[in-house]
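Please examine the sequence and the model displayed below.

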Amino acid sequence: MSTGPRDPARRRLLGAGCLTLAFALRPAWAQSETAPGKGKLPGSLDKAPWLDAWIRIAADNTITVFTGKAELGQGIRTALLQVAAEELMVAPGAVRMVTADTARTPDEGYTAGSHSMQDSGTALRHAAAQVRLVLADLAAGRFGIDRSAVKAAGGSMLAPDGRRATYGELLAGRQLHLQADGKAPPRDPAAHTIAGKSLARLDIPAKVAGGAAYVQDLRLPGMVHARVVRPPAPAARLVGLDVAAVARLPGVLKVVRDGRFLAVIADHEWRAIKAAAVLEQAARWEVPAALPATNDPVALVKALSGETDTILARGSVDPGAGVVGRTLRAAYTKPYQLHGSIGPSCAIARLDGGRYTVWTHSQGVFPLRAALAELLGAPKEAIRCMHVEGSGCYGHNGADDVAADAALLARALPGRPVRVQWMREDEHGWEPAGPPMLCEAQATLGADGRIADWRYTVHSPTHNTRPGKAGNLLAGTLLERPFVPPPARPAPQPEGAGDRNAIPYYALPNARVDHHFLGVPQLRSSALRSLGAYCNVFAIESFMDELAHAAGADPVAFRLRHLDDPRAVAVVKEAATRFGWDAWRKPAPGRPRRGRGFAFARYKNLAAYCALALEVEVARETGWVRIVRAVAAVDCGEVVTPDGVRNQIEGGILQSSSWTLLERVRFEPARVLTRDWGAYPILRFDQVPDRVEVHLLDRPGQPFLGTGEAAQGPAAAALANAVFDACGERLRDLPLDRARVRGKLA
């Protein structure tokens with residue numbers, strides 16, 4: 001479809017009140033809102049360069065703002081609304097938000113990588129600023145005055161003599177289908193009255209009051225329910241099935257079989273659950289031993305072949321060449337880990353007149369639409385994917401897979417909305433897990449106590465098998481004519497994937513970093529929140545702690561000695577000061593023992609800065625680790641919603657603490673074993689810190705930096721460093737669970 005302003009088909013589409021845009025996803029620019037010297041538009045404006053893709057104003061002065069990013073519980077709807085309301089100079093309550101809908105919003109790819117404010121927030125800020133100038137020009141023409149004399153307030157443009165015209169009146173008979181130019185200056189941050197304030201979250205009331213907040217709560221007229229019966233193991237072969245008894249059960253509308261994809265559709269959910277249990281008993285499977293014979297991360301990654309890419313080569317390229325000093329080496333590992341969604345994945349799909357509608361909590365409705373089109377053999381234009389919040393998590397969990405289940409079953413039963421709700425064993429047993437990693441570090445300390453040489457290798461399978469292709473959908477691999485997952489490829493730096501944050505953010509004269517990319521592991525894996533940054537920061541910041549102790553230096557002072565970015569220095573000093581690092585004294589030995597730990601990282605080396613100090617208690621007899629308090633300092637550029645940033649950092653600390661202390665997928669050669677909360681424990685309330693403080697270093701007027709995943713790595717490293725400080729024993733393998741801590745201390 002042409003994007004030119006003179007396209008008559010486009011005008012007809014706009015007249016119908018719906019604008020659909022599709023643009024390819026490209027990386028955001030890190031250090032500035034526009035690409036230097038390349039004429040790029042700010043943020044996602046470059047992918048959707050029309051003002052009415054982002055903002056529409058009706059004749060009744062209703063203002064609707066559109067974003068391709070999804071609300072995942074991070075409060076992004078509220079923050080983006082604040083950005084738009086600030087630039088349009090209207091009350092937040094006057095703005096409606098539409099998020100992540102393939103029929104209505106710009107294509108901003110995935111809501112991932114802490115990009116929402118960088119991409120969508122930046123685009124909306126500049127689009128709204130330009131809309132405000134357009135309205136001011138229209139008002140100046142109407143009032144017969146210069147544009148500089150026109151003032152905006154409360155959804156109207158005002159003349160000095162008191163005349164006013166609402167935005168809707170000024171646009172009567174006109175459309176905002178204008179090319180975005182990115183040149184309109186945003187409002188001076190000193191004049192902000194909405195951005196920079198903690199606004200009540202739009203998504204919270206229904207969640208707190210038990211309202212219809214999630215896709216799991218959605219009920220549509222005529223809706224039916226389905227359950228999918230999974231193979232007992234990923235490589236299981238279906239050798240027999242008797243569906244007659246299932247088809248005769250009360251309320252069963254259809255039994256579906258396509259290869260190894262088995263499902264039942266019923267008129268009520270409980271009937272679907274009971275019928276699925278009968279269908280499971282009616283299936284006979286052969287279960288080969290296709291999973292690894294070990295749960296050890298080192299053995300898992302060493303068993304995979306791969307390719308090595310040098311992602312940093314600074315100074316001498318020969319290890320230790322010309323460097324004299326003390327050399328330390330260490331290796332750090334993480335196992336397979338789950339997303340641990342509290343609410344199992346859910347989706348609803350309906351097929352009417354050859355057109356599919358899918359309600360989904362996928363983090364990428366446009367890539368999902370492309371994958372579903374291939375899966376169903378349907379044109380993309382015949383599929384609409386609408387984001388509805390899910391009671392789930394961040395990262396590539398089962399949201400896309402359950403949407404594929406629902407779409408296949410809607411095809412089997414046209415005309416009725418088909419709701420598919422995964423069970424706990426589906427979520428734990430079949431979601432893509434975060435893959436295992438091995439990080440090997442070596443450094444030489446010079447005579448001055450500084451790092452003279454740094455060598456680091458990260459071994460990691462792929463962290464990204466998100467949909468876009470049908471082979472990335474679980475159901476697609478189970479069909480009679482299965483779709484093959486596309487080959488995995490490493491993501492390019494500077495963001496990376498398994499090698500995300502593998503390059504240390506320190507001034508090191510000689511440094512080499514290698515990424516050993518291992519392709520696709522035997523156990524299905526994909527993006528877990530922060531991807532490889534969690535393990536890489538854990539490894540680098542643990543090793544920095546080891547180097548500091550070897551150099552006889554304070555861990556905070558040692559880091560400051562190697563930082564040359566003033567914003568990084570400020571964040572480290574702020575966290576240390578707020579924690580009371582210099583005044584802290586270790587309590588007399590007792591039971592339990594206490595210790596402190598510190599860590600710092602800049603997420604992806606281009607997003608938010610986060611420094612974190614933790615105090616822990618360790619019970620030597622049991623290995624129990626409890627976080628007493630956590631103090632974080634964060635610089636994420638300009639802060640739009642202070643409470644939202646604090647919530648993201650607090651949540652990141654807690655989730656990372658759960659991964660670091662408890663979480664590990666266990667499996668045997670035939671199947672995954674951790675299919676419930678008993679086998680896969682997560683952090684409980686008695687391990688939550690007594691106090692969490694988040695201190696923000698606001699930078700008004702600076703570009704937005706991604707915040708959502710900034711705390712994952714620093715929290716893991718600070719926790720491990722605090723355990724060492726408490727007990728004098730260094731733990732380098734995740735998780736630091738009771739058995740591992742107790743065994744180390746025995």
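The model is predicted, so local features need pLDDT of at least 70 and side-chain atom pairs count only at pLDDT 80 or more, while totals for chains, interfaces and linings use all residues. Residues are numbered from 1 along each chain as its sequence is written, and side-chain values use heavy atoms, with hydrogens and water left out.

Helices (H or I, at least four residues) and strands (E, at least two) are DSSP runs numbered from the N terminus, and two strands pair if DSSP finds at least two bridges between them. An open sheet of seven strands has the order β9-β10-β7-β17-β14-β15-β16, with mixed pairing. From one strand to the next the twist averages 20°; axes are lines fitted to C-alpha atoms, for helices over the stretch in contact, and angles run from 0 to 180 degrees between N-to-C directions. Six bridges link β9 to strand β10 (residues 261-266) in the antiparallel sense, and lysine 254 stands opposite isoleucine 265 in β10. Helix α7 (residues 269-282) packs on this sheet, in contact (heavy atoms within 4.5 Å) with β7 (224-229), β9, β10 and β17 (418-421), and its direction makes about 25° with that of β7.

A parallel pair occurs elsewhere in the chain: strand β23 (residues 624-635) is joined to strand β24 (residues 691-696) by six bridges. Here alanine 630 stands opposite valine 692 in β24. The chain passes from β23 through helix α15 (residues 642-661) to β24 in a right-handed β-α-β crossover, that is, with the strands pointing away from the viewer, the path from the first strand over the helix to the second runs clockwise.

Helix α15 also packs against helix α16 (residues 712-727), at an angle of about 50° and with axes 8 Å apart. The two helices are therefore oblique to each other; angles under 35 degrees count as roughly parallel, over 145 as roughly antiparallel, 65 to 115 as roughly perpendicular and the rest as oblique. Residues of α15 including Trp659 and Leu661 meet Gln712, Ala715, Ala716 and Leu719 in α16.

Finally, helix α2 (residues 76-88) and helix α3 (residues 116-143) pack at about 25°, with their axes 8 Å apart. Because of that angle, α2 is roughly parallel to α3.
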